[in-house]
Amino acid sequence: MDRVLDGKVVLVTGASSGIGEATALALSAAGAKVAAGARRTDRLAGLVERAAGEVLALELDVTDEGSCRDAVSAAAGHFGGLDVLVNNAGIMLTGPIPGADTSEWARMVHTNLLGAMYTTHAALPHLLERGGTLVQISSTSGRTASAGGGVYAATKFGVNGFSEALRQEVTAQGVRVVVIEPGMVDTELADHITDPVTRAAARDMMKSIRTLRPEDVANAVLYAVSQPGHVAVNEILLRPTDQV
Ligand code: NDP
């Protein structure tokens, strides 16, 4: 692969599995220095070993604003700056709204929405300094909501709204904001659903179609962040062909 990201420094949140792990590997193969954050540091150690270039593993809990600040500081301090932040950490605890365990709503809002906002806030001084790029891993659920996915969609609609406002605030300073909206990807995401009916439905859906692979989303991230500085890829919606 061309080393199109030679000299660039990237921080990927939620890099211990799925899309974040694939993105960290793809950007590393393209020449970037990668800081990889997540709570499961044992999984990050495996990523460090498999990556093509230098990867800095960082213990990160995006629900904790201090942890987000520390991760950004550690990445920028270790590599001498930060060019790209990929806000990927997320959870999907879907299920019907009536009778839901509202503590799961709070976890989703804190992780998917506030977590991405905290990390963005911490990284912005670096991105502004270097004309950097913010990548938000949103979802098709950031564009359309469906029964059973109300709160998850609310977090992803929130990410999209926050990102569009920020885009308008920072684009004149050369910072690009990219929203990636994948459909169904074969990862661990649905394994954490606690509602048995919703979890079984998600598993059945996964088995019935050719899902996206984490690498497909990583390719979309790589495409967006490797464009010349005057090209802002603001939004990429990608679905499995079989997903209606
Ligand atoms: P995974 O479950 O494989 O990955 C989720 C990642 O988020 C893990 O690395 C996990 O790491 C991390 N994470 C969760 N909570 C926290 C936290 N509090 N602090 C730091 N990291 C955290 O799922 P995916 O790869 O599928 O999900 C990645 C993103 O892609 C999510 O934002 C998801 O909403 C989005 N997405 C996924 C789709 C899919 O079909 N799979 C479709 C569209 C979007 P750890 O537990 O080690 O902290």
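Tutor: Let us begin with a definition: helices, of at least four residues, and strands, of at least two, are DSSP runs numbered from the N terminus. The model before us is a predicted one. In it, α1 (18–29) and α4 each supply at least two residues of the shell around the ligand.

Student: Which helix provides the largest share of the shell around the ligand?

Tutor: That is α1, with three residues.

Student: Which residues come nearest to the ligand?

Tutor: The shell holds 31 residues, of which Gly14, Gly18, Arg39, Arg40 and Gly90 come nearest. Sorted by class, the shell has 13 nonpolar, 13 polar and five charged residues.

Student: How should I judge burial? Is Thr111 buried or exposed?

Tutor: The general idea is to count neighbours: a residue is buried if 20 or more other C-beta atoms lie within 10 Å of its own. Thr111 has 21 other C-beta atoms within 10 Å, and is therefore buried. This residue lies in helix α4, which covers residues 102–130.

Student: What does Thr111 touch, residues up to four places away in sequence not being counted?

Tutor: Thr111 touches Val62, Thr63, Ala89, Gly90 and Ile91. Gly90 also belongs to the residues that come nearest to the ligand. By contrast, the C-alpha atoms of Thr111 and Pro214 are separated by 20 Å, the two residues being 103 apart along the chain.

Student: May we apply the burial count to a strand? Is Val9 buried or exposed?

Tutor: Val9 is found in strand β1, residues 9–13. Val9 counts as buried because 23 C-beta neighbours lie inside 10 Å. Leaving aside neighbours within four places in sequence, the contacts of Val9 are Ala32, Lys33, Ala75, Phe79, Gly81, Leu82 and Asp83.

Student: Where is Ala145, and how many other C-beta atoms lie within 10 Å of Ala145?

Tutor: Ala145 sits in the loop between β5 (133–137) and α5 (150–170). The intermediate class applies to counts between the limits, with exposed meaning 12 or fewer. Ala145 has 16 other C-beta atoms within 10 Å and is therefore partly exposed. Residues up to four places away in sequence aside, Ala145 touches Gly150 and Ala153.

Student: How does one describe a pair of helices? At roughly what angle do the axes of α3 and α4 cross?

Tutor: One considers the angle between their N-to-C directions; angles under 35 degrees count as roughly parallel. The axes of helix α3 (residues 65–79) and α4 come within 8 Å and cross at roughly 30°. The two helices are therefore roughly parallel to each other, and α3 passes α4 in a right-handed crossing.

Student: Which residues meet where α3 and α4 come together?

Tutor: Glu65, Cys68, Arg69, Val72 and Ala76 in α3 meet Tyr118, Thr119, Ala122, Ala123 and His126 in α4. This contact has six nonpolar, two polar and two charged residues.

Student: At roughly what angle do the axes of α1 and α7 cross?

Tutor: The axes of α1 and helix α7 (residues 214–225) cross at roughly 50° and come within 8 Å. The pair is therefore oblique, and α1 passes α7 in a right-handed crossing. The contact includes Gly18, Ile19 and Glu21 of α1, and Pro214, Glu215 and Val217 of α7. By class, there are nine nonpolar, three polar and two charged residues in the contact of α1 with α7. Gly18 also figures among the residues that come nearest to the ligand.

Definitions and conventions. Residues numbered from 1 in each chain as written. Predicted model: local features only at pLDDT ≥ 70, side-chain atom pairs only at ≥ 80, totals over all residues. Contact = placed C-beta atoms within 7 Å. Near = placed C-beta within 6 Å. Nonpolar A, V, L, I, M, F, W, Y, C, P; charged D, E, K, R; others polar. Axes fitted to C-alpha atoms, helices over the stretch in contact; angles between N-to-C directions. Parallel < 35°, antiparallel > 145°, perpendicular 65-115°, else oblique. Left-handed = near helix turned anticlockwise from the far one by under 90°.
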